[in-house]
Amino acid sequence: MSSKVPTVRQTNWISTIPHLVIMGIIILIWHQFNPEKAFLFGAITYLAISISLRNLIPKDHRNGIRNNNAEKFKDAIPDFEKSYAFFKKHEWIDKYRFITLLSSSKMSYQEMALANIGFCYSQIGDGIQSKKYYERTLKEFPESGLAKSALKMINAMEKNASKDHM
């Protein structure tokens with residue numbers, strides 16, 4: 001099932017280097033037990049760890065994405081709020097997500113959560129809350145291209161709406 005809702009994934013390619021190092025270490029460990037199948041077992045172990053970390057730790061974020069893709073935007077907002085709160089409380093997990101979650105995302109989970117909340121509010125027709133969350137995203141993450149683009153679009157629409165009322 002493909003989603004009609006746009007999804008942005010930005011990859012920090014340099015963070016793949018630690019992933020390869022971790023996979024190499026796992027392969028070396030397996031090599032001590034089974035040299036013939038060390039690569040296969042190491043790759044499977046890395047994959048299992050990677051999938052487990054990404055499914056267990058950011059579960060609220062994943063629930064939010066699932067609701068978002070199902071166009072259940074009101075249901076997604078609390079999930080993204082919980083995700084933001086978790087990663088705000090445990091900033092080190094988010095900051096070092098290339099190791100702690102084996103995630104190569106350029107955007108932090110906190111930035112993604114705020115921008116996703118802004119997107120959800122826009123989809124349910126609450127432009128004021130949407131703008132508020134995109135502004136908050138930009139305040140906390142000044143380089144957020146996603147928030148900058150969304151605010152430009154909102155401001156352009158507001159400008160056009162005010163011209164129509166004149």
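Me: What share of the protein chain is buried?
Reply: In this predicted model, buried residues make up 34% of the 166 residues. To count as buried, a residue must have under 20% relative accessible area.

Me: What elements does the protein chain have?
Reply: Nine helices and zero strands. From the N terminus on, the order is α-α-α-α-α-α-α-α-α.

Me: Why is α3 called roughly antiparallel to α4?
Reply: Helix α3 (residues 59–69) and helix α4 (residues 73–89) pack at about 160 degrees. Angles over 145 count as roughly antiparallel. That angle therefore makes α3 roughly antiparallel to α4. The axes of α3 and α4 are 8 Å apart, and α3 passes α4 in a left-handed crossing.

Me: Which residues make the contact?
Reply: From α3, they are D60, H61, N63, G64, I65, N67 and N68. From α4, they are F73, D75, A76, D79, F80, K82 and S83. Contact here means heavy atoms within 4.5 Å.

Me: How do these contact residues divide by type?
Reply: Four are nonpolar, six polar and four charged. Gly counts as polar, and G64 is one of the α3 residues in the contact.

Me: How many aromatic pairs does a search of the whole structure find?
Reply: Six.

Me: What makes the aromatic pair of F73 and F119 edge-to-face?
Reply: The ring centres are 6.0 Å apart, with 75 degrees between the planes. A pair needs centres within 6.5 Å, and planes over 60 degrees apart count as edge-to-face.

Me: How do you know whether F73 and F119 are buried or exposed?
Reply: The cut-off for buried is under 20%. F73 has 10% relative accessibility, so F73 counts as buried. F119 has 17%, so F119 counts as buried.

Me: Why is the pair of Y121 and Y133 called stacked?
Reply: The ring centres are 5.7 Å apart and the planes are at 20 degrees. Planes under 30 degrees apart count as stacked, so the pair of Y121 and Y133 is stacked. Y121 lies in helix α7 and Y133 in helix α8 (residues 127–140), so the pair ties together parts 12 residues apart in sequence. Both Y121 and Y133 are buried.

Me: Which residues form one aromatic cluster?
Reply: W30, F33 and F41.

Notes:
Residues numbered from 1 in each chain as written. Predicted model: local features only at pLDDT ≥ 70, side-chain atom pairs only at ≥ 80, totals over all residues. Heavy atoms only, no water. Axes fitted to C-alpha atoms, helices over the stretch in contact; angles between N-to-C directions. Helix = DSSP H or I, 4+ residues; strand = E, 2+ residues; numbered from the N terminus. Parallel < 35°, antiparallel > 145°, perpendicular 65-115°, else oblique. Left-handed = near helix turned anticlockwise from the far one by under 90°. Buried < 20%, exposed > 50% of the residue type's maximum accessible area, 1.4 Å probe, protein only.
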